[in-house]
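Me: I would like to go through this structure with you, one topic at a time. Could you look at it with me?

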Amino acid sequence: MGPTASGKSDLGIRLARELDGEVVNYDSVQIYRGFDVGSAKTPPGERQGVPHHLLDVRDAGEPFSAGEYARLGREVLGEIAARGKTPVIVGGTGFYLRALLEGLFDGPSRDEELRARLERKGAAHLHRLLARLDPESAGRIHPHDEPKLVRALEVRILEGQPLKRVLRRGVEPLTGFTVTKLLLDPPRDALYARIERRTEAMFDAGLEQEVCDLLAAGAPRDAWAFGALGYRQALALVEGRMSREEAIADTARSTRNYAKRQLTWFRNQEPEALRLPGFGGDADIQRRALDLVQ
């Protein structure tokens with residue numbers, strides 16, 4: 001676990017090589033085909049022979065939920081274990097990880113008509129509405145996190161009770177595995193400097209062209225993955241709504257804020273995680289991680 005740009009992929013590959021393992025992705029953007037540069041997806045040639053799973057399993061216009069991720073992920077974990085290998089789960093989407101390891105609550109199915117009405121309101125209005133109907137959930141969900149606001153309101157309206165009460169139902173944790181959780185937590189200033197460098201490198205590596213190619217291949221402009229960091233700004237650049245300099249600056253700023261939220265999530269939701277105070281590509285951190293796992 002860890003914030004974006006903390007070197008999770010590097011550490012995951014090293015652990016997999018040392019432990020005769022295979023990597024299982026839990027990054028919600030890397031799930032999608034063609035979203036490579038902006039999601040920092042490890043190219044096949046740099047995976048050092050380590051099998052990777054749950055990359056490129058959906059096209060841009062296809063929906064994908066945490067529930068689907070948990071189902072597919074548990075199937076993959078079982079297949080890896082059956083081969084006598086060690087699963088190394090790598091990513092930054094905390095909700096996917098929780099769904100995989102702890103299971104999801106038995107909540108109501110998606111109501112597309114209700115969702116469409118809610119999504120027209122905008123995040124600020126949704127957060128105010130949730131604050132009236134379910135103050136505790138409103139306090140835990142970021143005011144700009146529209147997907148979570150929509151789901152919390154959907155549950156509150158359809159179930160007639162707060163999300164926390166519904167969350168207690170039907171959760172089935174993962175069984176058959178012993179889980180060791182490692183949290184990369186590099187110094188904040190160093191992380192932010194790396195985010196700045198990586199953002200510029202992504203645009204230099206062709207993020208704008210990648211977006212053009214995806215659109216030319218038929219990816220809808222309102223595809224969920226185009227709302228992800230980097231892709232949102234690159235799409236604005238392609239459409240003439242941002243200059244290149246503005247797109248890079250906005251991506252870096254938003255990514256710094258996202259990294260801070262990721263660390264807050266992992267520290268609060270995964271208190272038993274073993275903290276590694278550095279980057280996943282550092283040799284000392286890799287040795288320490290391997291010692292902890294062994």
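Me: Which residues form one aromatic cluster?

Reply: Tyr32, Phe35, Trp224, Phe226 and Tyr231 form one aromatic cluster. Rings of Phe, Tyr and Trp (its six-membered ring) pair if their centres lie within 6.5 Å. This is a predicted model, where local features need pLDDT of at least 70, side-chain atom pairs count only at pLDDT 80 or more, and totals for chains, interfaces and linings use all residues. Residues are numbered from 1 along each chain as its sequence is written, and side-chain values use heavy atoms, with hydrogens and water left out.

Me: And how many aromatic pairs does the count come to?

Reply: The count comes to 6 aromatic pairs by this rule.

Me: What sits over the ring of phenylalanine 279?

Reply: The charged end of arginine 194 does, 3.7 Å from the centre of that ring. The rule asks that NZ of Lys or CZ of Arg be within 6 Å of the ring centre and within 35 degrees of the ring normal.

Me: Now helices. At what angle do H11 and H12 pack?

Reply: Helix H11 (residues 231-238) and helix H12 (residues 244-269) pack at about 165°, and their axes are 9 Å apart. Helices here are DSSP runs (H or I, at least four residues), numbered from the N terminus. Axes are lines fitted to C-alpha atoms over the stretch in contact, and angles run from 0 to 180 degrees between N-to-C directions. H11 and H12 are therefore roughly antiparallel to each other; angles under 35 degrees count as roughly parallel, over 145 as roughly antiparallel, 65 to 115 as roughly perpendicular and the rest as oblique.

Me: Which residues of H11 meet H12?

Reply: Arg232, Gln233 and Leu237 in H11 meet Arg244, Ala247, Asp250, Thr251 and Ser254 in H12. Contact means heavy atoms within 4.5 Å.

Me: What about H9 and H12, at what angle do they pack?

Reply: Helix H9 (residues 188-204) packs with H12 at about 135°, with the axes 9 Å apart. That makes H9 oblique to H12. Among the residues in this contact are Leu191, Ile195 and Phe203 of H9 and Ile248, Ala252 and Leu263 of H12.

Me: How far apart are the axes of H3 and H12?

Reply: The axes of helix H3 (residues 94-102) and H12 are 10 Å apart, and the angle is about 25°. That makes H3 roughly parallel to H12. In H3, Gly94, Phe95, Leu97 and Arg98 meet Trp265, Phe266 and Gln269 in H12.

Definitions and conventions: Helix = DSSP H or I, 4+ residues; strand = E, 2+ residues; numbered from the N terminus. Phe/Tyr/Trp six-rings, centres within 6.5 Å; stacked < 30°, edge-to-face > 60°.
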